[in-house]
Amino acid sequence: MRLVKIEIYGLVQGVGFRPFVYQLATNLGLNGIVLNDSSGVKIELSGELGLIDEFIKSLKTKLPPLARIDKIVVSDGCNIYSDFKIISSKDSYKFAPILPDFAICDECKNELLDSSNYRYNHPFINCTNCGPRFSLIKGLPYDRANTTMGKFKMCNKCKAEYKDPLNRRYHAQPIACKNCGPSLSYKDMSGNILSTYENGLKDCVNAIKDGKIVAIKGVGGFHLVCDALNHQAISTLRARKNRPDKPFAIMCKDMDMAKKYAYIDESEARILNSNLKPIVLLKSKDKLPDIIAKDIGKIGIFLPPTPLHILLLNMLNSPVIATSANLSKEPIIKDYETLKDKLRGVCDFALDNDRQIVNPSDDSICFALDEKAIYLRTSRGLKPSILPLNLNGVAPKGCFLALGALMKNQFAIYKDGLIFSSVYIGDMGSVATKLRFDELLESFKSIYGFEFDFVLGDAHPHFGFIDDFAKSYEIHRVYHHHAHALSVMLENGISNDVIALSFDGTGYGRDSTIWGGEILRCSKGEFDRIMHFDSFDLIGGDKAIKNIYYLAYAIAKKYSLNSPKLDRLIPEIQKDNLDKILKNQINTIKCSSLGRIFDAFASIIFGLKSVSYDAQAPMMVEALYDESLDLAYEFSINDGIISYENAFKKALVDEPRIAATAFINGLANLSLEIASSYNLPIVLCGGVWQNRALLKKTIDKFKVNQIEYYLPINEPMNDSAIAMGQIYFGLNMLRYNDKF
């Protein structure tokens, strides 16, 4: 007989972990108890030594789908038990994780489509292994009363499942059925309910087939939905939403449908089918209306994440556009009243439901490379998250807030060895987004009782919302490209120096210019700028980000380049005006951004004057990349300055496919040359690395040449990762500041 106590840390609350332990113990004939506490799950066991060893082994190998064990501590117990029980817990929520919303699991999907099942065609079917969490929660502990499902009284059948530890719906807080749960309502944009339940879904389907735009309420908010094969419907959506070019994602019924429209390998299929159900960027087969994703050679596809979407797609048997319902630069809309107020002229109808969304979230976005997901946005299915600090067991005491960046914002919080990361919030340029930020932060503070020692933000002088915290907290600013590198270092547990290829669009530099093409030697608390792309004049500041021919002309003037391509791109009268601006340095600032250099390059090879969305021009360059062409432009390095004169000079005479391929291959060669010059690990960070062709070519070269390199793991390459980099900077402050 052996008596043991087992302490388990990680994602082990709200994921069916206690019933898993119950079943495992009873199947092995072990006695004891299991309960949640403020830091995880505690188990006490009494039984034969061999059976207890088998129990501990099975804990690690047979986890519930959503569970994650970070640490197991086994010690001697002192109690003998005659049976096994699940014990109610007190104070079990101090640092209990708020889990993200997960896509429907296979078991629930099978029940949804089984005509003999009690929950057949129930659009809100869920269990402990899937379904909404973050979107519903109002407070901790994660009990039904603290979610928006609290207003729905369980019927006897649901209640019996909820209380049965052998049932996979044991303590599944959103549990419901057609008799006791949420219901659908199909509405016009004046507030009138036109139909409900199954009839509402049928009317929604008929409207989509008829070319209408319908706002459909999912788990994290409303999608604007229309027929992805109806050119006129898509054109109408673009016009109404004032979205002329930015690609739309499509939702497909299943993998067979997705493969009609995109080339999908095994790793991409695995990600598409995962319980995250993210949007995956795939190589297009060009069988969809080109208005969906023009000139980029890719299509974003995701599979139905909820039972409602499965029912919808099964009835339609056709792909749909599914894009976040919001005004430009504002968060996704979570309730019908706001939808009616802001998007009355955009959508024709709405399929609403009465399950309230407290916390909205967008769809996560990624592409696959080397069988791994490279994230462009982390939200539904991934965030919010709580992760243990991964730095050689060091976990300094303290609590601080990292505000992130102005663009693609998400914040992060550190508390005594745990890192709390928010969902994607968006660009901080609108009142609505700032309000969403404030609401979410207050929610985290109230739920967990955070008291911040200090606050960190971006070093950009226009990062104004950090001033809101200056009256109450000590403020520290972190340089943008250092934070990019630190984010990757933190995720990979790197505590020594690295060389960071920190490439993005815009970030404030130490010399008060715009950086974005930086080679940095980084430590946890400091960095040196050892190389950078040759600076040029950014004409008109932010106006040049849209009017990319400004960039092309500034670079052409810098290197004294002339060509008929430039003459066609920029009329003489505009050249005269731009020359005056450059000569007198009117509203210009020096810029070393590789993202802006990419834009200028695209402007020249495509004759493109302006863009309407972020990364449009680099995506067009990537679409022309030809792996079969063995050619590359040369980039020279002189006294730490990287010249791209040769690339632009040749691009003025080469045809676009040659130019695009040679430019990307040249950047990969440059990256290898730099990496080979230092006996340090290489970190690839910043939004430029979201160019899949460039990233793949570079890491292929690194592998052949045995270069040690690191990428993000669960954070995006782009500015959404800035908060995590600020966290690492703050950890260094905690470690060396006597105040803490």
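This report covers the salt bridges of a predicted model.

Local features need pLDDT of at least 70 and side-chain atom pairs count only at pLDDT 80 or more, while totals for chains, interfaces and linings use all residues. Residues are numbered from 1 along each chain as its sequence is written, and side-chain values use heavy atoms, with hydrogens and water left out.

A salt bridge here is a side-chain nitrogen of Lys or Arg within 4 Å of a carboxyl oxygen of Asp or Glu. The count comes to 39. Among them are these pairs:

| Pair | N to O distance |
|---|---|
| Aspartate 352 and lysine 217 | 3.9 Å |
| Lysine 408 and aspartate 614 | 2.7 Å |
| Lysine 590 and aspartate 537 | 3.0 Å |

Aspartate 352 pairs with lysine 217. The two lie 135 residues apart, in strand β15 (residues 349-353) and strand β8 (residues 214-217) respectively. Strands are DSSP runs of E, at least two residues; helices are runs of H or I, at least four; both are numbered from the N terminus. Aspartate 352 and lysine 217 are both buried. Buried means under 20% relative accessible area, exposed over 50%, and partly exposed in between (1.4 Å probe, protein chains only).

Lysine 408 meets aspartate 614. Lysine 408 sits in the loop between β19 (399-402) and β20 (412-415), and aspartate 614 in the loop between α17 (594-606) and α18 (616-623), so the bridge ties parts 206 residues apart in sequence. Aspartate 614 is exposed, at 53% relative accessibility.

Lysine 590 meets aspartate 537. Lysine 590 belongs to strand β28 (residues 588-591) and aspartate 537 to strand β27 (residues 536-539), so parts 53 residues apart in sequence are tied together. Lysine 590 is partly exposed at 37%; aspartate 537 is buried at 14%.

Shared partners also join Glu107, Glu111, Arg119, Glu161, Arg168 and Arg169 into one salt-bridge network.
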